[in-house]
Amino acid sequence: MRTGRVSARRCLFLLALVFIALCTAQDVQAEIDFPEGESSLPIQIEATHATFEQKGDQEVWQLSGACRISQGGTVATAEDAVLWIDYSEPFSALPHKVTVYLEGEVVVSYTEAPAADDSKPNLNPTKFTGPTWMGYFFTSDQIKFPKDRSTSAQAVSQAIYQRGSRALPTANHLAESQPAPITNIQYQENLPSANPLPQSGQPNRRVQIFSRYSTGYQILAQPNQTEAGTILMLDSGVNILIQGLSELDTVNILADRIVLWSKNDVRGLAQGTQQTGTVPVELYLEGNIVFRQGDQVVYADRMYYNVADEYGMILDAELLAPVPGHQGLLRLKAEVLQKVNRTQYLGYKASLTTSRLGVPRYWFQSNQIEFEDIQTPIVDPFSGQQMYDPISGDPLIDHERLATSRGNLLYFGGLPVFYWPTMAANLETPGFYLNSAGYGNDDVFGTQITSEWDNYQLLGIRNPWEGTTWDTSIDYYSERGLALGTHFDFNDTYFPLMRTPATGYLDAWGINDDGFDNLGRGRRMLTPEEDMRGRIYSQYRQTFLGDWQYSSELGYITDRNFLESYFESEWDNRKDQTTGFELKRLRGNRSFAMSMDSRLNDFFMETEWLPRVDHYWLGQSLLFDKLTYYSHASLGYARLLPASTPTDPDDAVDFDPLPYEVEREGVRAVWRQEVDLPFEIGPTKAVPYALGELGYWGQDIDGNDISRAYGQLGVRNSLLIWSADHGHQSRLWNLNGLAHKVTFFSDISYTDSSQDMDQFPLYDNIDDNAQEHFQRRLKFNTYGLPAGTNVPLEVDPRYFAARYGMQGSVASPVAEIAEDMTVGRFEIRQRWQTKRGPRGAERIIDWISFDAGASVFPDSDRDNYGESLGLVNYDFNWEVGNRLTVVSNGYWDFFDGGLQTMSVGGFINRPQVGYFYLGYTNINEPFQSHIMTASLQYRMTEKWLAGLASSYDFNNVGDLGQRLSLTRIGESSLISMQFNVDPSRDNVSIGLNIEPRFFARSRYSTINGEPLPPLGAFGIE
């Protein structure tokens, strides 16, 4: 066989890629000579904190804070240290050995003791300073440890221990039988050394060769006949370890056969010694190749790599790399895979998948894929040190994976289902164009075909703004029309000309609707007020100049029933979609804000502020902490605009303005203050307080200007008592000790206002738009009252808020709430606590919590509709076990028409298995309802997940609805089938939803809120 470069080139037709990145690193050793006889002195160890554990025959100590190890004239100091102590056998002549690893502002010094005749004073002590140091101490005397010590296995498993373990010398150990000089492992770069450091930019690595198999390997070394240098040919299984590579430290290559040639003499590798320095190396490998760097793995049969120029090729290559957010691995296969540079790959006739099956059910195939994996070590922002996995000790690595592909086909089940000419994506969030697709059918929307697409991938935008996502939805409803939408989300994103990050989103969706809205009983055939329907909703928030914050919101909706019809969950649960901005400054316990709000949706009652300023000053200490001061001042020009009347007659018949809903405008100025005098009476904490307000409104409910003054005097009290029984144990109830904590709380107050509350328009809304819609229909559907009348005061939200004490807070969200009131609020808050968890890692939990409260009204006719007792409530929670919880709550007002309700239920959950809830709710006033609710989600097998929910009213309504879902958990996607029954809308619907499995994010892809791991997430080997 011909050797040298010519023979190697014959193998390049089967080349494959290996990622070997080299950086400057060195293993420099030097010695500091110390006189003999030092080992006869004791070793003194000092530190702020010290922990230790036994590891085999060694005792391992970890020190932190003011670490100091001294022996005679030798003193070593640092911020942190790890010590490995090998004690000598009893009665032996050998000394104890202490291996020391130091980090952080290391100083090691030795001052030689003077001779007996003082003829040799040491005028030049030896001293070393640097970031890290490792060395040895020996003593035949005693080792003195810090007094503050504890046994903690966790302490010696931290990153400093891992770094110290890697710094331990692996060869040429000092003999334990002989005292030896302290050996320095790492010096600062500016110190002189016997081995000069390489110049910046010149890689310095350590190359070692080991046997891959237990049978050993064969090696042949000979000079290169075509040019100066050496050729090594290795057979029968080889393991090459290359250390000191860039910031990722180590590359490991396994192959059956290797040809290595270099312009330098590397024959020393044949004798098993390590090769160091800037050696130019070229590699050709074949046979079961496995290449590892960081957490990236490449498999191949043949490959070539030029270390000096950092390029190479692979044929029939397969690359596996982890992807954050996905519990499997990204798998890239290519007929030809070319390594362009340290981080960049080019794949020809390549396929990409997350499946680990030999023949995957899905894959993404391209004529050409450019893949870039930029790996950087994760550094602790406080210490500046490399971070390591606390369990494995491996370095933690951050990735940025980018891909650009041409001639793309998406395959499912071996069939091409989608084509796109060019795609660019960040593989941190791969969705392969399509985020989700769905199919459904019901009587409200007809046949439904929905889809969501990733715009960045479709438009070939390879490097989008960091922290942003941009999707487009294309939906079709046979009974309604074609809909288009887009959603742009940004989180901690830096926009052009901005020096600080911003957070928010923009969501727009619209449809050309030619159908009818079905919103429930009595509202099943409503004509939309607009044909082109939709909404634009945006939120934006950014901080700047340290303590300034800017927030803005845009909320435009075409008509009053759009959200309830198309986004019912959003209508019921999220805040109102309004339009305005706020500029706020936060400093300590003060804040100043200026805001403006405008109404774009005239079918909702809203207040425009043109503009408004608010100043809060909360919890300010006065008179040497004797008093506490609170203040809120607000000034603005307000314009309250009532909601317009619905255009559909069936909707308008149940519409009537609320009693405080009138068109009014004018200046509103309010200043509310509170002064507290906290003190203790034995175990009781008492807080007498005085609260007052002065306010001016440009227009009251009748259009006249009005002023108001009101004040409140009161005292708050709290008393905490507790008991603990550490011996209370029960395996049945999972108790490990029991502590009972009880807090008694009371607030007795008297309030007097110069104006009645019903004189004021409600510029600050109490309820959101969904609740106001319900209130408008309440008097017609529940009380049967005619238009133009008001609901009973018992269910008026203004008077409920006043009875509950909203006017007693400086930070009250509604300035108009204030009424004459004398009330005493009494509460008892209880916690039964125990410990649960594995031994050594127990945590305190609230086993049982039970809170109850009630209000007493001395002037019951004026303040509580003739009842002295009201606002009675309780909240109960019992963690029976780690998986079973029992909950219950209730509320009662005892006057006619007052709210009276109670609920009880149980919840069982098991992670990655499912949950079950069964509950009962009883409502007696202001209407009667007795509702049983059940909800179940259960993973039946590895491939099937089922869900079921049902509600039934045992009073007059009867069936409230059912929902059944069945999800097929596949490698490629989640296929969910749904069946829904909605008696309120007299509608039955079926649906089919398909989500790519890579990053599914709907409710069908979670179990009890936790992500559902895919099949093959951890590999099928």
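Author: Buried means under 20% relative accessible area, with a 1.4 Å probe and protein chains only, and strands are DSSP runs of E with at least two residues, numbered from the N terminus. This is a predicted model, in which local features need pLDDT of at least 70, side-chain atom pairs count only at pLDDT 80 or more, and totals for chains, interfaces and linings use all residues. Residues are numbered from 1 along each chain as its sequence is written, and side-chain values use heavy atoms, with hydrogens and water left out.

Reader: Why do the side chains alternate?

Author: In a regular strand, side chains alternate between the two faces of the sheet.

Reader: Which strands pair with β33, and in which sense?

Author: Two strands pair if DSSP finds at least two bridges between them. Strand β32 (residues 532-544) runs antiparallel to β33 and is joined to it by 10 bridges, with Q542 opposite Y550. Strand β34 (residues 579-587) also pairs with β33 in the antiparallel sense, over six bridges, and here S551 stands opposite E582.

Reader: How many residues lie between β32 and β33?

Author: Three residues lie between the two strands of this hairpin, and L545 in the turn has a positive phi of about 55°.

Key:
Helix = DSSP H or I, 4+ residues; strand = E, 2+ residues; numbered from the N terminus.
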